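Hello,

Here is the structure for you to look over.

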Amino acid sequence: MKSPLQLLFEAIDRVKDEQDLRSQVVPKIGEYFAAKRSGIFFFDRLPLLDSNLQKTLQIGLSIEHNPVVRYLVERHAPVHEALVASPKVWTIICPRPDHWHVMAGPIVNRGQLMGVVGCTRDRSMPAFDTENLADLSAICLHLSVWAATVRFQHQPFKTSRLTPRELQIAELVALGRTNAAIGRELWITENSVKQALKRMFRKLEVSSRAEMVAQLSATKYNLPSVKMSPSNLMQNTHQ
């Protein structure tokens, strides 16, 4: 007879797209950990959110503000709030009553943190423990494999439409360069960079620098210098 954890692994393996992952697997993860809330977040989805939610997430996902996120970025390992903050400090960082206890784990691809799976419990519920972390680590392994073999593999390779010069610009964007800095480095005007980015966005069917970097990093045109951390994605969102 298969254990509930093994059944969860099989459920992850069966889903065909991100919508199924959220509708079929996320509730099972929440049920498995007896969580008040559960969810999965991919960083390349940040540019698609409305501006108010973007601002909220920029604070919540800041490595300077949130020690749980800092732990994920630095270690690529599951963590709960008690590992990185005292109860008093945690209530200051995250005062929401339904986030009294928080546990999060990494979804990684090509050595980079691409997303997070998380669960929360309220004050009346027990804290997450080391056994929960061990089980979440196993779940994250399967989610990372799913992301690499299903989510990113099924993204259309529109990047072949980019010219060599446009790929140069994309790599400099991934390094966090401003339009002015890119222009200086490539000996073109800042306006030329802006116009090139507009063309690149249309070709790739994206709406922001961060989304462009995420797409290029997930395809055969992987940018060698891209750092796909939450802070780098946010830095590229509004330039």
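Strand E1 is joined to strand E4 (residues 112-121) by 6 bridges, and the two run antiparallel. In that pairing, Phe-41 sits opposite Val-116 of E4.

A word on the source. This is a predicted model: local features need pLDDT of at least 70, side-chain atom pairs count only at pLDDT 80 or more, and totals for chains, interfaces and linings use all residues. Numbering starts from 1 along each chain as its sequence is written, and side-chain values use heavy atoms, with hydrogens and water left out.

The sheet is open, with 4 strands in the order E1-E4-E3-E2 and antiparallel pairing. E1 (37-42) and E2 (79-80) are the edges; each has a single partner strand, so one side of each lacks a neighbour in the sheet. Strands (E, at least two residues) and helices (H or I, at least four) are DSSP runs numbered from the N terminus. Two strands pair if DSSP finds at least two bridges between them.

Helix H4 (residues 67-75) packs on the sheet and touches E2, E3 (101-109) and E4. Contact means heavy atoms within 4.5 Å. The direction of H4 makes about 25° with that of E3. Helix H7 (residues 130-151) lies across E1, E2, E3 and E4, at about 35° to E3. Axes are lines fitted to C-alpha atoms, for helices over the stretch in contact; angles run from 0 to 180 degrees between N-to-C directions.

Tyr-32 is partly exposed, at 29% relative accessible area. Phe-33 is buried, at 1%. Cut-offs: buried is under 20%, exposed over 50%, partly exposed in between (1.4 Å probe, protein chains only).

Best wishes
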